Amino acid sequence: SGNVGIASDGSLTLRNNDGLSVQQVASVQRIIAADNAARRNLYAEVAKALNTTETGRVQAVFARTWRDKAQSGWWIQEDNGAWRQK
């Protein structure tokens with residue numbers, strides 16, 4: 001429905017809450033928080049495997065990949081902050 005998108009930093013974000021009840025918004029936010037925590041853990045593990053502390057660089061690579069490989073219809077945020085539907 002376009003409520004959730006992939007932000008420029010590769011995290012998931014609630015773009016809007018159109019059509020969602022208060023309970024649904026809370027549920028979506030919990031799911032997004034859990035997914036983003038898993039992504040941060042992934043970045044840390046990859047950085048560790050690469051023997052680097054530059055998790056920001058690892059995250060940037062993954063961010064580009066998440067956005068590039070997003071399925072048709074997903075909303076992605078460009079580096080300039082603009083949103084577009086893939």
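Gln77 is buried in this predicted model, with a relative accessible area of 16%, where buried denotes under 20% relative accessible area, exposed over 50% and partly exposed in between (1.4 Å probe, protein chains only). The residue belongs to strand 3 (residues 75-77); strands (E, at least two residues) and helices (H or I, at least four residues) are DSSP runs numbered from the N terminus. A polar atom of the Gln77 side chain lies 3.2 Å from the backbone oxygen of Gly81. Such a polar contact is a pair of N or O atoms within 3.5 Å; within protein, one atom must be able to donate a hydrogen and the other to accept it, and residues adjacent in sequence count only if both atoms are side-chain atoms. Beyond its neighbours within four places in sequence, Gln77 is in contact (heavy atoms within 4.5 Å) with Ile6, Ala7, Ser8, Arg67, Ala82 and Trp83.

Residues are numbered from 1 along each chain as its sequence is written, and side-chain values use heavy atoms, with hydrogens and water left out. Because the model is predicted, local features need pLDDT of at least 70 and side-chain atom pairs count only at pLDDT 80 or more, whereas totals for chains, interfaces and linings use all residues.

Arg67, one of the contacts of Gln77, is found in helix 2. Arg67 counts as buried, at 10% relative accessibility. With residues up to four places away in sequence not counted, Arg67 touches Ile6, Ala7, Ser8, Ile76, Gln77, Glu78, Asp79 and Lys86.

The secondary structure of the protein chain comprises two helices and four strands, and from the N terminus on the elements follow the order β-β-α-α-β-β. The four strands form an open sheet in the order 2-1-3-4, with mixed pairing; two strands pair if DSSP finds at least two bridges between them. Strand 2 (12-14) and strand 4 (83-85) are the edge strands, each pairing on one side only. From one strand to the next, the twist averages 35 degrees, axes being lines fitted to C-alpha atoms (for helices over the stretch in contact) and angles running from 0 to 180 degrees between N-to-C directions. Strand 1 (residues 4-6) pairs with strand 3 in the parallel sense over two bridges, and Ile6 stands opposite Ile76 in strand 3.

Helix 1 (residues 22-49) packs on the sheet and touches strand 1 and strand 2, its direction making about 160 degrees with that of strand 2. The 28 residues of helix 1 should span 40 Å at 1.5 Å a residue, and the end C-alpha atoms are 41 Å apart, which agrees; the expected span is 1.5 Å times one less than the number of residues. Within helix 1, the residues Val25, Val28, Ile32, Asn36, Arg39, Tyr43 and Ala47 are buried. An α-helix has 3.6 residues a turn, so residues three or four places apart point the same way. The cover over the buried residues of helix 1 includes strand 1, strand 2 and helix 2 (55-68).

The largest nonpolar core has six residues, namely Ile6, Leu12, Val28, Ile32, Ala70 and Ile76. A nonpolar core is here a set of buried Ala, Val, Leu, Ile, Met, Phe, Trp, Tyr and Cys residues joined through side-chain atoms within 4.5 Å. Ala70, a member of this core, is in contact with Ile6, Ile76 and Lys86, leaving aside neighbours within four places in sequence.

The loop between helix 1 and helix 2 holds Asn51 and Glu54. Asn51 follows helix 1 and has a phi near 60 degrees, a positive value in a residue other than glycine. Asn51 counts as exposed at 74% relative accessibility, whereas Glu54 counts as partly exposed at 40%. Glu54 and Ala44 are 10 residues apart in sequence, with a C-alpha to C-alpha separation of 8.7 Å. In the loop between strand 2 and helix 1, Gly19 is exposed, with a relative accessible area of 79%. The C-alpha atoms of Gly19 and Ala44 are separated by 35 Å, the two residues being 25 residues apart along the chain.

Taken along the principal axes, the C-alpha atoms of the protein chain fill a box of roughly 45 × 25 × 20 Å. Of its 86 residues, 24% count as buried. Among contacts in the protein chain with a separation of 6 or more, 37% are accounted for by residues 24 or more positions apart.
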